[in-house]
Amino acid sequence: MRVVVNPDYETLSEEAAEIIAKAVLGKPTLTLGLPTGSTPLGMYDALIRKHRSEALDFSGVRTFNLDEYAGISPDHPQSFHGYMRTRFFNLVNLLRKNIHIPDGSPDIDATVEADRYESAIIEAGGIDLLIVGIGGNGHIAFNEPGSPFDSRTRVVALAPETIQKVTKEFGSSEGIPRTAITMGIGTILDARRILLLASGAAKADMVRRAMRDRVTDAVPASALQLHSNVIAILDEAASAKL
Ligand code: GLP
């Protein structure tokens with residue numbers, strides 16, 4: 001795994017956006033796997049700036065988000081649909097038809113939707129470049145500890161610590177999702193290239209366990225050690241225990 005350590009969150013975000021921009025310039029029909037969470041916010045801002053000031057063109061790019069809460073409508077402000085619309089999709093020239101996120105609508109069978117999503121990724125020819133963060137418990141996308149490394153897109157139960165984090169983000173104890181539709185670890189490892197982003201001291205232990213310690217399903221992100229084309233983009237705080 002190649003490791004790039006940046007002095008701070010700003011430069012980490014710029015670095016990640018620069019790698020994506022180069023990939024888009026090299027292949028205007030790039031298929032991009034995208035994350036949510038607080039970590040990629042600066043990267044999305046940097047990509048929006050590149051679109052505005054350098055005319056970075058997303059009109060041929062296809063995107064597949066990693067995951068979405070199950071039982072939450074795409075209109076819900078805390079849905080990953082909502083996050084992506086307000087932080088990225090509405091601010092660049094991606095075409096609506098090229099954007100893919102699992103549909104977590106309560107009236108949709110999540111298992112059927114998960115299978116449909118996995119097939120859509122395959123039909124698109126797979127993911128060229130996938131960006132992923134790391135959860136405090138070592139999860140990638142919503143693959144919680146214990147997830148099989150050959151798992152595909154499916155419905156999963158959120159771990160208790162994940163539900164706690166989600167409860168804070170929802171700002172209320174009602175309507176909190178307990179399940180999600182997520183790309184599997186196998187789906188993620190099929191991406192041709194992966195960028196792992198991690199920022200801040202709170203991630204330092206998990207970054208070490210994922211990148212340097214034994215590969216184990218207790219730390220889902222450690223599966224990335226099995227992939228031959230991963231760049232970890234860290235800031236100094238997140239890399240402190242490597
Ligand atoms: C969520 C997402 C993950 C993300 C993780 C870390 O659980 N499903 O894809 O990596 O949060 O989030 P943050 O960047 O806020 O630490």
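Me: What counts as a pocket here?
Reply: On a 1 Å grid over the protein atoms alone, a pocket is an open set of points where a 1.4 Å probe fits, with protein on both sides within 12 Å along at least five of seven lines; lining residues have an atom within 4 Å of a point.

Me: Which residues lie nearest the centre of the largest pocket?
Reply: T36, G37, S38, K165 and E169 do, out of 31 lining residues. This is a predicted model, in which local features need pLDDT of at least 70 and side-chain atom pairs 80 or more, while lining totals use all residues. Numbering starts from 1 along each chain, and side-chain values use heavy atoms, without hydrogens or water.

Me: Which element gives the most to its lining?
Reply: The helix α5 does, contributing six residues to the largest pocket.

Me: Which residues are around the ligand?
Reply: With a heavy atom within 4 Å of the ligand, they are G37, S38, T39, D67, G133, I134, H139, A141, F142, K165 and K203.

Me: What distances separate ligand oxygens from the side chains of T39, K165 and K203?
Reply: An N or O atom in the T39 side chain is 2.5 Å from a ligand oxygen. For K203, a polar side-chain atom lies 2.6 Å from one, and for K165 the separation from an N or O atom is 3.1 Å. The protein covers 93% of the 390 Å² of accessible area (Shrake-Rupley, 1.4 Å probe) that the ligand has on its own.

Methods: Polar contact = N/O pair within 3.5 Å; in protein donor to acceptor, adjacent residues only side chain to side chain. Helix = DSSP H or I, 4+ residues; strand = E, 2+ residues; numbered from the N terminus.
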